[in-house]
Amino acid sequence: MKVLVVESNPKAISLLSSALRAEFNADVHTEKHGVPGTAYISENPLLDLVVVRNINASPTNNAEETAKVILNFIYDNELKCKVLVLGEFEAAGFEFAHIPDRFKVSEFTTIVRKTLGISLEDLKEIRQGDYIPIEIQNFYVMNKAPCDTYIKLARATGDQYVKRIHSGDEFDKEGIKKYESQGVTELYVPKDQKNLFLEAQLKQYLVSITDNSKPEPVLVELRSDAYDINQTLIKNTGITEQMILMSQASVKAMVASVAHNKKLGSLLKNILNNKGSFAYKHSYLISVFASACMHKMEWSEDKQLEANIERMTFAAFFHDILLIEEVHIKIRNKVDLYQAKLEGKEKELVLEHANKMASLVHEMKFAPRGAEQIIREHHGARNGIGYSEVYSSNLGAMSIMFIVIEDFVSSLLDFKENKLSIKEIIEVMGERYPLPSYKKVIKALTESLSESF
Ligand SMILES: [Fe+2]
Ligand SMILES: [Fe+2]
């Protein structure tokens with residue numbers, strides 16, 4: 001962003017220039033008077049904004065109506081750059097923004113932003129300067145740098161970017177982890193390479209995730225990393241194209257791995273013993289057991305089997321993705337919630353995560369039909385808010401299935417703490433759910449388990 005400041009007071013010049021640089025990363029040029037100001041304007045046709053004092057003391061000691069000189073010049077030459085006048089000023093027929101003499105820096109920057117039509121979202125990007133930060137976990141699912149990649153060093157003279165990975169260089173997760181162990185949390189790419197980077201990330205991830213020659217533990221870890229990346233994407237940018245494409249690929253890979261009748265026992269062993277976040281394991285195991293039970297449910301016809309598995313897997317992938325903390329995912333009822341002693345925004349998010357995520361899924365055009373309802377009802381409340389004390393039969397059949405299976409998976413993952421065998425977990429669940437619609441899922445689950453262990 002290019003800005004000209006026409007102002008003769010040295011204090012004001014320094015204040016305005018530093019505000020423009022800090023807030024907008026602007027390239028600021030200053031002139032003290034109208035005529036040299038107009039000369040600069042004519043030499044710089046790409047100027048975005050002129051900030052001009054209404055009246056400046058002129059070299060000949062007569063007051064100069066600087067703003068008028070500048071506005072006349074812009075008008076006569078039909079230039080597009082915007083003008084912001086400092087101090088009282090009126091000029092009929094001209095278009096300009098205006099701020100009174102005494103103003104706070106924050107008022108000045110707000111009016112500059114509005115004059116230039118910059119949204120707060122744009123401002124974030126502008127402030128980042130020539131390099132944009134990429135959270136380091138994004139590199140886990142990649143193996144080749146699509147562009148030069150830098151680390152940032154904070155120096156007294158300002159930030160310094162040092163190239164660490166050259167465009168085209170190959171790397172692996174271990175190499176990236178080394179940077180992390182040195183305290184690096186973000187790597188930087190040139191701003192104009194951001195899209196190139198995102199495209200490459202998606203492409204490389206897709207190639208890896210569909211590479212069946214990779215051993216299962218590697219794939220589990222890869223899917224888990226992708227889950228974490230998706231979680232950050234949703235948190236930071238909401239539903240964007242990148243997030244949609246990444247998550248679509250992840251859900252597809254999960255469906256492929258659960259649907260192709262592998263033995264439950266080995267799937268379970270794989271996931272429990274492998275690297276991967278708790279959040280991912282929790283989601284993945286729900287889809288594993290949902291898929292195993294699905295064809296035993298009377299409402300799930302064979303010809304819909306694959307679609308149903310996709311629905312459940314999609315719901316499993318997204319249902320808790322807004323919860324960043326493991327302890328929040330583990331909350332299953334009002335007692336857990338009370339014991340977690342949450343407050344404020346944190347508590348609100350936990351209470352409303354089902355509803356919030358369901359609303360986001362509503363916006364995703366590719367979401368399988370019905371997934372939204374499963375996500376909304378996965379804690380037993382039809383509106384997706386809070387945790388139900390009693391599980392009613394007033395929920396969708398798939399929601400009921402999800403609730404029972406999630407309960408089972410939570411106990412499995414809690415294995416170390418409660419030391420219950422699978423048989424004991426099922427027994428406890430039998431007492432917890434008296435209604436027939438829930439009992440049917442427990443029965444299907446028991447059957448699947450007995451077939452595969
Ligand atoms: Fe969950
Ligand atoms: Fe949840």
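These notebook entries record what I looked up in a predicted model.

**Entry 1: the metal site**

I began with the iron ion (ligand 1) and asked which residues coordinate it. I found H282 through NE2, H319 through NE2, D320 through OD and E406 through OE, at 1.8 to 2.3 Å. Along the chain, I noted, these donors follow the spacing H-x36-H-D-x85-E.

I then looked up the angles that the four donor atoms subtend around the iron ion (ligand 1), and they run from 87 to 156°.

Next I turned to D320, which bridges the iron ion (ligand 1) and the iron ion (ligand 2). The two ions lie 3.8 Å apart. I also placed the two histidines: H282 lies in helix α11 (residues 278–294), and H319 in the loop between α12 (305–318) and α13 (326–329). The pair therefore ties together parts that are 37 residues apart in sequence.

Are these histidines buried or exposed? I read a relative accessible area of 1% for H282, which is buried, and H319 is likewise buried at 1%.

**Entry 2: a strand pair**

I looked up strand β9 (residues 149–155) and strand β10 (residues 158–165), which run antiparallel and are joined by seven bridges. A hairpin of two residues leads from β9 to β10. Within the pair, I found L153 opposite Q160 in β10.

**Entry 3: salt bridges**

How many salt bridges are there? I noted a count of 17, and I examined several of them.

D148 forms one with K163, the closest N and O atoms being 3.0 Å apart. This pair links distant parts of the chain, with D148 in the loop between β8 (131–135) and β9, and K163 in strand β10, 15 residues apart. I listed D148 as partly exposed at 22% relative accessible area, and K163 as partly exposed at 35%.

E301 forms another with K303, with 3.5 Å between the closest N and O atoms. E301 is partly exposed at 40% relative accessibility, whereas K303 is exposed at 73%.

I also found K443 and E447 meeting in a salt bridge at 3.5 Å, N to O. They are four residues apart in helix α20 (residues 436–452), so about one helical turn separates them. K443 is exposed, with a relative accessible area of 54%, while E447 is partly exposed at 31%.

Terms used
Residues numbered from 1 in each chain as written. Chains lettered and ligands numbered in written order. Predicted model: local features only at pLDDT ≥ 70, side-chain atom pairs only at ≥ 80, totals over all residues. Heavy atoms only, no water. Donors = N, O, S within 2.8 Å, 3.2 Å for Na, K, Ca; no water. Tetrahedral: all angles 85-135°; square planar, octahedral: opposite > 155°, others 65-115°. Buried < 20%, exposed > 50% of the residue type's maximum accessible area, 1.4 Å probe, protein only. Pairing = 2+ DSSP bridges. Salt bridge = Lys/Arg side-chain N within 4 Å of Asp/Glu carboxyl O.
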